[in-house]
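Hello,

Here is the structure for you to look over. My notes follow below it.

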Amino acid sequence: MVSPDKSQEQGKGFTLSCECGYITMTTPSRTPSGMAHCHCRTCQKQSGSAFGTSVYYPTDQVFPLPVDLEAKLSVFEHGTDSGNTMRCYFCPKCGVRIMHQGILPDGSWREMMSFKAGTFDDWPEEGGLNWEEMGARHIWTRSARMNLCGNWEAWEKYPDDMVDKKKGEGEGEEKKA
């Protein structure tokens, strides 16, 4: 990932920021790998809502972070049900969660990381991320606190293509009917 100033000049990715504007950065490209609405209890807590929405990029395109950006961000870590560690980056001033990085038990990074979708600044009509075109899936719906529409792609845990199988995390579960 290029530094925030250089990425703005090059016009590469989407601009995102926290509520107070202390944290501003740019995604590595305008083509994320996917989007998901996660209904797990952790995402409910961090978002203060029924689910958290994340936009995925390859971890090696974002990390390591530029030194100036890393110095500004605060980090909270917690264990996950899969045995991994979730590293959660947030603004130390307003508390807005910016992104997540998964750390596997062996200390290596998960292949994908996520930016919190609500931090993306531009609306679709302004050239920003188009949530409808992304076709987000609903994951970890076994913890859902709301009824999901029948035409939404919904998974009890997560789809197989979101599982880092080579690291032995297990399998995804069948799609909810």
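Of the contacts in the chain between residues at least 6 apart in sequence, what share joins residues at least 24 apart? It is 49%, with contact meaning heavy atoms within 4.5 Å.

Two notes on the source. This is a predicted model: local features need pLDDT of at least 70, side-chain atom pairs count only at pLDDT 80 or more, and totals for chains, interfaces and linings use all residues. Numbering starts from 1 along each chain as its sequence is written, and side-chain values use heavy atoms, leaving out hydrogens and water.

The fold: the chain has four helices and nine strands (DSSP runs, H or I of at least four residues for helices, E of at least two for strands, numbered from the N terminus). From the N terminus, the order is α-β-β-β-α-β-α-β-β-β-β-α-β.

Burial: 45% of the 177 residues are buried (under 20% relative accessible area; exposed is over 50%, partly exposed in between; 1.4 Å probe, protein chains only).

The salt bridge: the structure holds one (a side-chain nitrogen of Lys or Arg within 4 Å of a carboxyl oxygen of Asp or Glu). R87 and E77 form it, at 2.7 Å, N to O. R87 sits in strand β6 (residues 85-90) and E77 in strand β5 (residues 74-79), so the pair ties together parts 10 residues apart in sequence. R87 is partly exposed at 23% relative accessibility. E77 is also partly exposed, at 43%.

One more site: D121 lies in the loop between β8 (112-116) and α4 (131-134). Its relative accessible area is 33%, partly exposed.

Best regards
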